[in-house]
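Please open the structure in your viewer and keep the selection tool at hand. The stops below are meant to be taken in order.

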Amino acid sequence: METLTPRSSNPAHVGRSNYDEEPILGVQFDDVEQQHESSIMGMWLFLSTEIMFFGGLIGAYTIYRFMSPGEFALASHHQNVPLGAFNTVVLLASSLTMALGVRAAQLHDHRAIVRWLILTAIFGTMFLGVKAIEYTTDYREHLIPAMGFQVPAEDLEKMPDMNVGRYQMYYVLYFFMTGLHAIHLIIGIGLVLVMAYLSWRHWFSGAGETQIDVTGLYWHFIDIVWVFLYPLLYLISAHASS
Amino acid sequence: MSTIAVEPRQAIQPPDDHPEEVSYLAAGHTVRSWLLTVDHKRIALLYLVSITVMFFIGGFAAVIMRLELATPQGDVLWSADGYNRAFTLHGIVMIFFFLVPSIPATLGNFLIPMMIGAKDLAFPRINLLSWYLYIMAGALALVVLIFGGVDTGWTFYTPFSTMFSNTMVVPAAMAGFIAGFSSILTGLNFIVTVHTMRAPGLTWFRLPLFVWSMYATSLVVILGTPVLAIALALISVERLFHVGIFDPALGGDPVLFQHLFWFYSHPAVYIMILPSMAVMSEIIPCFARRPIFGYRMIAYSSIAIAAIGFIVWGHHMFVSSQSMYAGMVFSMLSFLVAIPSAIKAFNWTLTMYKGSVRLETPMLYALGFIGLFTIGGLTGLMLSTMSTDMHFHDTYFVVAHFHYIMVGGAVMGYLGGIHFWWPKMSGRMYNELLGKLSALTVFIGFNLTFFPQFVLGNLGMPRRYYEYVSEFQFLNVMSSAGASILAVGYILPLFYMLLSLRNPPNAPANPWRATGLEWQTASPPPTHNFHKTPVVTRGPYEYSPEGAEAIDGNLNTAFE
């Protein structure tokens, strides 16, 4: 914990906003603006690799769904649409609190930073909790591949000539994609909590504007991925039945 | 040749000499000062050492393969399976742990900040992290490949890799996954650095072409590598949980894997060759004493190669159930890549026209590169033509083709670059005579090894077989003999470069009288590269001597 002592040398600064304090400049940079710009751009580039990462999966999903639309629609029927919608709202709310946290950092308001970041982490955890409930239900209904997967009898009746492998493929992709998203979210929650703790300890030389801005970009990305995953995975049959 | 005595304009500037500031090599001598360094130059040297080790391990596997193939019977290795493991080791180590990081992680790391007049990369600690990821991945890969063995080839094709192979596919895929993160971090660092850290006055079109080419490479790295990562992750999931992602019996499609895999791995070819092209664009103007011909076209062609490289992957699937129409489109798109590549080859050649060419070691490697890369590129056109590909597919013709690009192109460029910048990196001059000898040995050994393989492929010898019919023996013996010459050519530089380190630093700041910013500081450079941030007022290749300028002044207008 020694390393986390506040960098602001004046103890009077602790607990107050230190408006005039400039962030420490890395030796490789000429000015703070260049440093900020580099960090933001680095995160955007990292997010572009993440887009390609999820893009490969969404590509695989698109191909299989295109080849077997019936099986995918039938399989997605077992998703709990209201819970998914609730989770979407939760994540969107977390993006709002994250954006308010970034704003608070720009205003050097440490109290507000900590408040908004903790709220963001709570929303993220709430999302994971709901996801856990959904996964448990899937487990009980034998819908998790490699853990006693069975095609539900009523679906076999509805579509006797179905490609059972393709039906399971929906669930393989569902768990892979939502699982990967959940891993990103767990990393995101950890990051947000670390930032909240560091802000609380006044560890940053400025108010951590750059660091919290970068964290915010990552958080919004997690949110946006879910905005794509929710319709792709939950709302297929809503479209097919209309 | 009458212009030989005329000094180039920019090289006249004396390098700033501040003896009180120590070089980056002298900045610390403890192991800790190396393993925890965030200096881009030291990290470049860490990479240089580790990829050299990898290169010789991968090369050793190639030696075993060539020994095995010297006779038609399987006799050196115990079984066909042993041969499969040897070529998988060779492929994975050479591609993921040598070729992909080779020039970017060593020369790129060392030179990009210096060429743009910066003190370091934008993210020095991420740079160090990428080296540690590389070491983790490399150690894992070596343990798996040497003590376990993987028999899938470096391509991990399904369904063999997921359903039939009994070897350690998942750990090997993990190693590829981690190595991918290492190169993503390097690529990301380069792009940000080039955007935000350029010295005052250094506009985009005053950047050295090395930087342009590295920038294009980095774009390919950050957009392609994640797709490979996801493909490897899916293979691991399928193997670990026995769910069908690529298994037809469980609703999967093995060709999907090939699409995902080649979406990265074809652009990866450009990850390997673009950095060598970067080196060429620095060496050739310097040793021809001419401004580079068609600066902007070379810069744009790097970006064009990166962009077109992403839409040609289907030419790997002409015979694996891809529709004929898709094949035709991919075939046409593949032909397109030849255009920017040819622009570069022609422009380098024209740069030498009426120049005073000095045949020193880096230039010999560069000349070798142009010839061998051209052969490799043109045979690529034969393979991207669907009808001829039916004949050549999975034969030694393909092996010869990509070795002409990867070894004749990428490795020649790498060695040329190491020789060119060795005085800057180490502060020492190597033995020029031995250098020339190595360039010549590599060139002869390379052609003797791989040219017969074009003939073998055309005669129908398939790849990846460890036994063959006896009429192919003559050409195979030739190839194995060439490989032994090539091995000498590769060991030679290792020997004389290490030997040069025994001398006290003897390299001047600018031994080649080159114009790049990196030559304007001491050899080896001080920790923060420049004593004060340089201000750039002109383009990077103002080589042309005044005397020559008066004679063909209009040629110089090609360069701004």
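Predicted model: local features only at pLDDT ≥ 70, side-chain atom pairs only at ≥ 80, totals over all residues.

Residues are numbered from 1 along each chain as its sequence is written, chains are lettered from A and ligands numbered from 1 in the order in which they are written, and side-chain values use heavy atoms, with hydrogens and water left out.

Begin by selecting chain A and chain B together: 36 residues of chain B are in contact with 32 residues of chain A, contact meaning heavy atoms within 4.5 Å.

Next, select Asp30(A) and Lys119(B), which form a salt bridge whose closest N and O atoms are 3.2 Å apart; the term requires a side-chain nitrogen of Lys or Arg within 4 Å of a carboxyl oxygen of Asp or Glu. The rule finds 1 salt bridge across this interface.

Then move to Phe246(B) and Phe257(B), an edge-to-face aromatic pair with 5.5 Å centre to centre and 75° between the planes (ring centres of Phe, Tyr or the six-membered ring of Trp within 6.5 Å; planes under 30 degrees apart are stacked, over 60 edge-to-face, the rest tilted). Phe246(B) is buried at 0% relative accessible area, and Phe257(B) is likewise buried at 0% (buried is under 20%, exposed over 50%, partly exposed in between, with a 1.4 Å probe and protein chains only).

Finally, select Phe55(B) and Phe56(B), an edge-to-face pair 5.3 Å centre to centre with 80° between the planes; Phe55(B) is buried at 11%, whereas Phe56(B) is partly exposed at 28%.
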